[in-house]
Amino acid sequence: MKKLILTTTALAFAGTLALADGHSVVRMGTEGAYPPYNFINDAGEVDGFERELGDELCMRAELTCEWVTNEWDSIIPNLVSGNYDTIIAGMSITDERDEVIDFTQNYTQPDPSAYIATSMDVDLEGGVIAAQTNTIQAGFIAEQGWTLLEFATPEETIAAVKTGEADAVLADFSYLEPIAADDGDLMMLERRELIGGGIGMGIRESDTELKEKFNAAIQSMKDDGSLNALIEKHLPGSELF
């Protein structure tokens with residue numbers, strides 16, 4: 001069941017709603033469980049790179065944002081059904097997803113995927129590799145013919161390695177790096193995988209006007225350097241625009 005961070009009577013209606021000041025309410029759907037992209041802070045609010053980015057994009061597009069969290073495995077179906085208006089949740093742009101929803105232009109460059117394990121001697125091809133369900137990493141492992149162990153949340157993938165249920169986790173480098181730095185039992189393997197076409201906002205295919213508004217806002221942040229500044233703040237070491 002999805003969790004609502006902000007609840008108003010407006011959420012009972014699908015689509016964006018016009019306000020008296022001429023702005024529109026846009027419900028921003030995120031997972032809230034994938035730092036540093038998005039997470040729930042101690043105050044119980046959505047936080048992270050995509051919260052700061054999303055608020056800035058809505059301001060530039062003259063839209064009023066409300067944030068909604070939804071479990072990852074149903075995040076696309078619940079966008080399509082109208083539970084919220086965008087996905088801004090570290091979602092890589094892929095051809096498969098683009099058949100179901102539309103995407104804005106990318107707001108990050110493709111993030112290398114990396115492996116984390118308890119030993120540098122992991123046999124990736126012969127071992128059990130954990131990944132979050134419905135991610136580009138899970139798809140990659142399956143395509144290689146390796147043994148894939150899927151979990152609903154990224155935290156569960158890490159726990160599986162620590163308990164020995166899996167030999168390694170494949171996930172975004174920017175997600176795994178701070179985990180490896182903080183946990184002496186885990187280490188990053190040297191191997192990297194380049195998967196996907198960068199991260200963009202997911203939009204219903206019928207919402208072309210909303211897509212255009214966010215595309216213009218993203219481009220303006222690329223043009224004035226503010227997007228790079230946010231990337232450097234939240235995703236240090238990532239490739240810039």
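View A. Strand 11 (128–132), helix 4, helix 5 (154–163) and strand 13 (168–172) each give at least two residues to the lining of the largest cavity, and strand 13 has the largest share, with four residues. Helices (H or I, at least four residues) and strands (E, at least two) are DSSP runs, numbered from the N terminus. A cavity is a set of points, on a 1 Å grid over the protein atoms alone, where a 1.4 Å probe fits but cannot get out, and lining residues have an atom within 4 Å of a point.

**View B. Centre of the largest cavity.** Of the 20 residues that line the largest cavity, Y34, Q132, T135, Q137 and D172 lie nearest its centre. The space inside is about 180 Å³, where a volume is the space filled by probe spheres set on grid points joined across faces, edges and corners.

**View C. The second largest cavity.** About 30 Å³ of space lies here, and the lining consists of Y37, S92, P110, D111, I136, D172, I195 and I199.

**View D. The largest pocket.** A pocket is an open set of points with protein on both sides within 12 Å along at least five of seven lines, and the largest one has a volume of about 400 Å³. Its lining has 18 residues, with T94, E96, R97, N134 and T135 nearest its centre, and helix 4 supplies the largest share, four residues.

Residues are numbered from 1 along each chain as its sequence is written. In this predicted model, local features need pLDDT of at least 70, side-chain atom pairs count only at pLDDT 80 or more, and totals for chains, interfaces and linings use all residues, while side-chain values use heavy atoms, with hydrogens and water left out.
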